[in-house]
Amino acid sequence: MAQLNLQHLDKIYDNNVQAVFDFNMDVADGELIVLVGPSGCGKSTTLRMVAGLEDISRGKLLLDGKDITQAPAKDRDMAMVFQNYALYGHMTIYENMAFSLTLRKEDPNVIHKKVLAAAEILGLTSQLNKKPSQLSGGQRQRVAMGRSIVRNPKVFLFDEPLSNLDAKLRGATRREILLLHKRLKATMLYVTHDQTEALTLADRIVCMSMGHVQQIGTPLELYDRPANLFVAGFIGLPPMNFYDVLFQDGVLKGQGFTVELTPEEKATLSGYNGKEITLGVRPEDVSAGGGISTKVFSNENLGMNTLVHGYMGDNLRITAKLRGWTDYRNGDVVSLLFGRKHFFDKETTNAIRKEK
Ligand SMILES: Nc1ncnc2c1ncn2[C@@H]1O[C@H](COP(=O)(O)OP(=O)(O)OP(=O)(O)O)[C@@H](O)[C@H]1O
Ligand SMILES: [Mg+2]
């Protein structure tokens with residue numbers, strides 16, 4: 001069992017920089033939470049407050065209902081895996097994994113069992129007698145995870161554990177972490193700036209910007225119903241297209257283009273008649289064959305899809321992810337159609353939802 005409650009956590013560093021503002025979240029037992037956001041948004045600071053590596057300036061932290069706000073890191077029963085996992089080069093993989101238990105002077109038989117079990121889970125059984133230098137980057141990362149697993153902590157904390165790996169290995173190791181989470185059923189907090197990692201790993205995502213939580217929800221909620229412009233632009237790749245538009249006479253008028261709306265979309269915007277809003281359309285929600293004339297400047301075939309970049313209206317950039325293989329050339333004119341649309345209030349940048 002490991003339930004976490006992060007209650008109104010603030011972090012103000014000694015130089016008076018406030019890195020985290022009012023971080024509030026309840027983490028259920030066995031949940032995999034991913035903190036995502038751009039560099040400097042406060043992800044590591046939050047994780048380090050949970051780990052006890054950084055003081056909590058204000059707020060409370062509970063583990064299984066017990067207040068651990070002031071508890072030293074070593075008493076928190078948590079294990080942290082970093083981006084720069086330092087393995088001991090002179091020790092074997094076995095010794096590296098056993099290290100923390102050996103330090104605690106646990107029974108060698110128990111240590112042996114734990115190390116073998118962790119190696120089994122991580123597919124490292126045949127590597128145990130090797131030295132770290134004989135392993136690949138991905139295998140070394142797994143050893144680093146193995147070191148936490150043997151300790152059987154209540155909570156696993158990961159800070160960008162995959163960022164030193166190449167793209168292919170990152171994908172593979174990501175899947176291993178998912179399997180690991182399934183097998184251990186452990187509570188995990190995982191930090192990354194990579195929205196793909198967040199979408200693929202998380203039970204729930206916490207999207208942060210400049211120290212503030214922007215939205216907490218399932219990957220689908222953040223993708224399909226982003227709370228504001230920031231989340232809409234951060235989650236999804238290539239990013240959502242955004243346009244300033246005027247809602248008038250039941251249509252959206254942009255700079256040099258007009259977008260027709262469904263009755264439901266009109267109802268959503270009913271409070272905005274005569275007002276400017278921000279329209280967001282994901283590249284994958286743009287298709288060929290509509291009324292939006294676009295001049296192509298780049299055609300990138302991805303295999304199953306093609307990314308078509310162009311200019312529409314009065315020279316506005318648009319990226320469309322079209323199905324199949326297309327061979328547009330620079331200067332070709334295509335007609336595009338907007339499918340699913342997202343609307344944002346210009347002042348608050350919050351998503352405009354249908355009034356209930
Ligand atoms: N020890 C420190 N003293 C003062 N300011 C700090 C300290 N550590 C981090 N900061 C500041 O706090 C803010 C958040 O930093 P943090 O490391 O939590 O960001 P992050 O989201 O993990 O970014 P990255 O993706 O680059 O790792 C940044 O503005 C950073 O400069
Ligand atoms: Mg960080």
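Student: How many residues of domain 1 are in contact with domain 2?
Tutor: Four residues of domain 1 are in contact with four residues of domain 2; contact here requires that two C-beta atoms, placed from the backbone, lie within 7 Å. On the side of domain 1 that touches domain 2, three residues are nonpolar, one is polar and none is charged. Ala, Val, Leu, Ile, Met, Phe, Trp, Tyr, Cys and Pro count as nonpolar, Asp, Glu, Lys and Arg as charged, and the others, Gly among them, as polar.

Student: What kind of model is this, and how are residues numbered?
Tutor: This is a predicted model, in which local features need pLDDT of at least 70, side-chain atom pairs count only at pLDDT 80 or more, and totals for chains, interfaces and linings use all residues. Residues are numbered from 1 along each chain as its sequence is written, while chains are lettered from A and ligands numbered from 1 in the order in which they are written.

Student: Where do the two domains lie in the chain?
Tutor: Domain 1 covers 4-233 and domain 2 covers 260-345, with bounds from an automatic or database domain assignment. Their C-alpha centres are 38 Å apart. The C-alpha atoms of the protein chain fill a box of roughly 75 × 45 × 35 Å along the principal axes.

Student: Which residues come nearest to ligand 1?
Tutor: Tyr13, Ala19, Ser39, Ser44 and Thr45 come nearest, out of 13 residues around ligand 1. A residue is near if its C-beta atom, placed from the backbone, lies within 6 Å of the molecule. By class, the shell has four nonpolar, eight polar and one charged residues.

Student: Which helix gives the largest share of that shell?
Tutor: Helix α1 (residues 43-51) does, with three residues. Helices (H or I, at least four residues) and strands (E, at least two) are DSSP runs, numbered from the N terminus.

Student: Why is α1 described as largely enclosed?
Tutor: Eight of the nine residues of α1 are buried, so the rest of the structure largely encloses this helix. The buried residues include Lys43, Ser44, Thr45 and Arg48. A residue is buried if 20 or more other C-beta atoms, placed from the backbone, lie within 10 Å of its own. After α1 comes Gly52, with a positive phi near 90°.

Student: How many helices and strands does the protein chain have?
Tutor: The protein chain has nine helices and 19 strands. Of its 356 residues, 37% count as buried.

Student: Turning to the sheets, what is the order of the five-strand one?
Tutor: The order is β13-β12-β11-β14-β19, in an open sheet with antiparallel pairing; two strands pair if DSSP finds at least two bridges between them. Its edge strands are β13 (257-260) and β19 (342-345).

Terms used
Buried ≥ 20, exposed ≤ 12 C-beta atoms within 10 Å, placed from the backbone.
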